[in-house]
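This briefing is for a reader new to the structure.

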Amino acid sequence: MSLAIDMAKKSLEFDEVPVGAIVVKNNEVIGRGYNSNLNSNDPTAHAEINAIKEASKFLNNYRLPNCSLYVTLEPCIMCLGAIFHARISHVFFSANDLKTGACGGFINLINNRGLNHHCEFSSGLLSNQTSTLLTNFFKSKRQKKPQN
């Protein structure tokens, strides 16, 4: 998870919401990503999607079986769809997302048996660190807003 946190910090360099992700296979990082949707004008450029794309290119396969995803924030519905479609085996996420999280934070889709793929989920890894990173980012944004 510490490598995913490093990726989240990289997004701060571009004034993006600090979310980072890595994809691991056989103890090797094969994909890295951080939020870049603001600077790329791409609503799909979440950390998870960017890491999955890089891992898919690395393996030359859009399926990522026997891979794990580490992400600093609970995946949203879009990212969870990509995770399932890629056939990722295990997702480790740090902080819960009560506004858009699809793994129990806002809505829980991980146990929906109507979906054609499922994977293991673990949460809470280094959550104090990732929650603080997000809280500080949004706090600084509110302080920079001009007051009317």
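In this predicted model, N27 sits in the loop that joins β1 (20-25) to β2.

- N27 is not a glycine, yet its phi is positive, at about 65°.
- Most residues other than glycine have a negative phi.
- N27 counts as exposed because its relative accessibility is 80%, and the cut-off for exposed is over 50%.

**E28 in strand β2**
- E28 is part of strand β2, which covers residues 28-34.
- With a relative accessibility of 42%, E28 counts as partly exposed.
- Leaving aside residues up to four places away in sequence, E28 touches V23 and F58.
- Between E28 and C67 the C-alpha to C-alpha distance is 9.7 Å, while the two are 39 residues apart in sequence.

- The loop between α4 and β4 (90-95) holds R87.
- R87 also has a positive phi, near 65°, in a residue other than glycine.
- The relative accessible area of R87 is 22%, so R87 is partly exposed.

**Helices α3 and α4**
- Helix α3 (residues 47-59) packs with helix α4 (residues 77-86) at an angle of about 25°, and their axes are 9 Å apart.
- That angle makes α3 roughly parallel to α4, because angles under 35 degrees count as roughly parallel.
- The crossing of α3 past α4 is left-handed.
- On the α3 side the contact is made by E48, I49 and I52, and on the α4 side by M78, C79, A82, I83 and A86.
- Sorted by class, this contact has seven nonpolar residues, one charged residue and no polar ones.

How values were computed:
Residues numbered from 1 in each chain as written. Predicted model: local features only at pLDDT ≥ 70, side-chain atom pairs only at ≥ 80, totals over all residues. Heavy atoms only, no water. Axes fitted to C-alpha atoms, helices over the stretch in contact; angles between N-to-C directions. Helix = DSSP H or I, 4+ residues; strand = E, 2+ residues; numbered from the N terminus. Parallel < 35°, antiparallel > 145°, perpendicular 65-115°, else oblique. Left-handed = near helix turned anticlockwise from the far one by under 90°. Contact = heavy atoms within 4.5 Å. Nonpolar A, V, L, I, M, F, W, Y, C, P; charged D, E, K, R; others polar. Buried < 20%, exposed > 50% of the residue type's maximum accessible area, 1.4 Å probe, protein only.
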